[in-house]
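Colleague: Could you take me through this model, beginning with the terms you rely on?

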Amino acid sequence: MDVIWQGLKEGFLLIVAMDPELVHITLLSIQVSVSALLLAAIMGIPLGTVLALKEFPGRKTLLNITYTFMGLPPVLAGLLVFLFLSTSGPFGYFQLMFTPTAMIIAQVLLGFPIVCGLTARAVMAQPQEVFDTAATLGATRRQASWAIIRESRMGIIAALTTALGRLIAEVGAVMMVGGNIKGETRVLTTSIVLETRMGNDSSALAIGMVLLLIAFLIMLLILSLEKRTFTDERRIQIV
Amino acid sequence: MRKLGKNKLFALLLAMMFLVGVMAGCGNQAEPEKTPDKVAEQVTPTPDNPKLKLATTTSTQDSGLLDVLKPEFEKDTGYNLEIIAVGTGAAINMGEKGDVDVLLVHSRKAEDEFVAAGYGVNRKDVMYNDFLIVGPENDPAGIKGEKDIVVAMKKIVDTKSTFVSRGDDSGTHKKEKSVWDKAGITPQGDWYKSVGKGMGDTFRMANEMKAYTLIDRATFLALKDKYQLVPVVEGDASLLNPYGVIAISKDKYPNTNLEGANAFIDWMVSEKGQKMIGEYGVDKYGQQLFVPDAK
């Protein structure tokens with residue numbers, strides 16, 4: 001119990017004191033995970049929609065592959081990126097190992113299947129009526145498809161929050177390709193691992209609190225997208 | 001319908017659990033059959049509390065030493081050894097909390113403090129190995145073959161050659177800090193990378209960055225074929241790395257398995273244990289990894 005109290009107290013003090021090293025670590029965490037999420041979204045949302053709406057050979061297989069990669073172990077993603085970026089690997093020339101860029105690449109690999117797969121599911125869940133109604137109102141195929149995407153936004157936002165949850169909390173990949181270098185590639189999750197390994201349980205808890213707080217703030221931001229476009233009339237009423 | 005589905009699921013789960021149980025049972029039965037002659041010649045004692053938890057450093061685990069010692073110790077004493085491999089700092093912390101029964105660590109100063117604070121009893125020297133500095137073949141700091149560690153460290157700083165530090169408060173990190181202290185240097189700057197990782201990962205990173213790092217011999221020999229870094233500084237007396245075993249005090253933690261801890265310590269310093277430690281690695285690496293030194 002002592003450790004937990006100590007951790008909570010230390011965490012609070014850390015946040016209040018704005019320790020420069022912690023601030024740096026926190027900002028880097030946000031930078032890496034949010035960049036990775038944005039890149040995953042830019043690629044994943046359009047691709048997920050296409051997978052859901054377009055009929056083409058191999059579509060089912062592609063979907064299944066996407067779902068499988070939603071469970072890609074972070075360490076494995078890290079290892080793959082490591083092998084490609086390592087000085088002896090095919091992209092070694094760019095000297096990207098142990099940089100935030102390498103961390104973002106690894107996290108995109110983790111986030112993309114989640115955004116893509118969950119977007120596809122959300123779009124597929126829309127009833128045929130949406131398309132039909134739009135068509136009746138004189139919409140072209142393209143406009144009708146757009147209407148479906150708009151109607152799926154709840155699901156797409158859920159995809160984004162799920163992906164963010166995975167990225168900000170992920171440690172295996174950033175540890176491997178970032179290297180946890182103090183002042184350069186150390187992020188919140190790798191700090192927690194390090195503090196735990198050193199036996200500083202209360203510091204680990206304290207950093208964990210900061211991580212949760214950051215995750216909460218980013219989630220609020222993503223969910224505010226929902227509020228702006230979502231009106232009360234669509235909420236299910238239980239009469 | 002729904003109820004039936006639930007029942008079916010439950011039945012399926014039960015069946016699976018049963019299957020796993022049967023398989024585990026088979027596994028247990030099959031094992032002694034593999035070595036029937038050995039079982040016959042030695043009777044393994046049955047201690048009252050056979051569960052024994054050891055916290056140790058990653059180097060004893062990663063080097064493969066414990067994989068060799070564990071089965072022999074268990075056969076001789078009947079204890080069931082559970083090994084938790086972490087950094088020395090974390091291992092000692094586990095001892096202070098009473099989460100384990102016995103420690104095998106390498107940081108003499110921290111060990112002495114641990115015993116002085118009343119957490120540990122029956123501390124014994126077991127063995128030592130040594131550290132060396134490895135670096136890239138082209139040796140940018142020009143320290144290859146340097147015998148004096150202080151001179152070597154100063155040259156690394158002067159040339160701003162990249163140096164990767166464990167930075168995790170482990171025994172190896174403490175050794176590195178003591179070497180910097182001895183040279184009168186506080187390492188900082190872009191060339192000094194504190195990575196907070198275990199030895200194997202740190203070696204991999206140093207290799208990738210073509211940097212220098214301090215490494216224990218056991219880990220180096222186990223991994224050297226995978227990486228290109230070569231030994232540059234070795235043999236300085238301050239690079240020796242003594243390991244100690246310590247039992248957790250029963251006064252602090254009455255539930256600790258002190259009998260088992262003492263049995264482990266006795267076995268490690270026994271003639272057989274010491275002989276096994278001294279021979280470990282000779283066939284595989286052509287040289288000793290650990291030098292037994294129990295008195």
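Modeller: A polar contact is a pair of N or O atoms within 3.5 Å; within protein, one atom must be able to donate a hydrogen and the other to accept it, and residues adjacent in sequence count only if both atoms are side-chain atoms. This is a predicted model, in which local features need pLDDT of at least 70 and side-chain atom pairs count only at pLDDT 80 or more, while totals for chains, interfaces and linings use all residues. Residues are numbered from 1 along each chain as its sequence is written, chains are lettered from A and ligands numbered from 1 in the order in which they are written, and side-chain values use heavy atoms, with hydrogens and water left out.

Colleague: How many residue pairs are in polar contact across the interface of chain B and chain A?

Modeller: Taking contact as heavy atoms within 4.5 Å, 20 residues of chain B meet 21 residues of chain A. With both residues at pLDDT 80 or more, the number of pairs in polar contact across this interface is 10.

Colleague: Which elements of chain B each supply at least two residues of the side that touches chain A?

Modeller: The residues on that side of chain B divide into four nonpolar, six polar and 10 charged, where Ala, Val, Leu, Ile, Met, Phe, Trp, Tyr, Cys and Pro count as nonpolar, Asp, Glu, Lys and Arg as charged, and the others, Gly among them, as polar. With helices (H or I, at least four residues) and strands (E, at least two) taken as DSSP runs numbered from the N terminus, the elements that each supply at least two residues are helix 5 (88-97), strand 6 (192-194) and helix 9 (199-209) of chain B.

Colleague: Which residues of chain B lose the most area to chain A?

Modeller: Buried area is the accessible area (1.4 Å probe) that two parts lose on being put together, summed over both. Between chain B and chain A this area is about 1600 Å², with carbon and sulfur atoms giving 50%. On the side of chain B, 32% of what is buried comes together from the residues that lose the most, K197(B), R204(B) and E208(B).

Colleague: Which residue of chain B meets R197(A) in a salt bridge?

Modeller: A salt bridge is a side-chain nitrogen of Lys or Arg within 4 Å of a carboxyl oxygen of Asp or Glu, and three are counted between chain B and chain A. In one of them, at 2.5 Å from N to O, the side chain of R197(A) meets that of D168(B).

Colleague: Is S170(B) buried or exposed?

Modeller: S170(B) is found in the loop between strand 5 (163-165) and helix 8 (171-183) of chain B, and a polar contact of 2.6 Å joins its side chain to that of D168(B). Not counting residues up to four places away in sequence, S170(B) touches G87(B) and T88(B). On a scale where buried means under 20% relative accessible area, exposed over 50% and partly exposed in between (1.4 Å probe, protein chains only), the 2% of S170(B) makes this residue buried.

Colleague: What is the distance between the closest N and O atoms of E72(B) and K75(B)?

Modeller: E72(B) and K75(B) are three residues apart in helix 4 (residues 65-77) of chain B, so about one helical turn separates them. K75(B) counts as partly exposed at 27% relative accessibility. The two residues form a salt bridge, and the distance between their closest N and O atoms is 3.6 Å.
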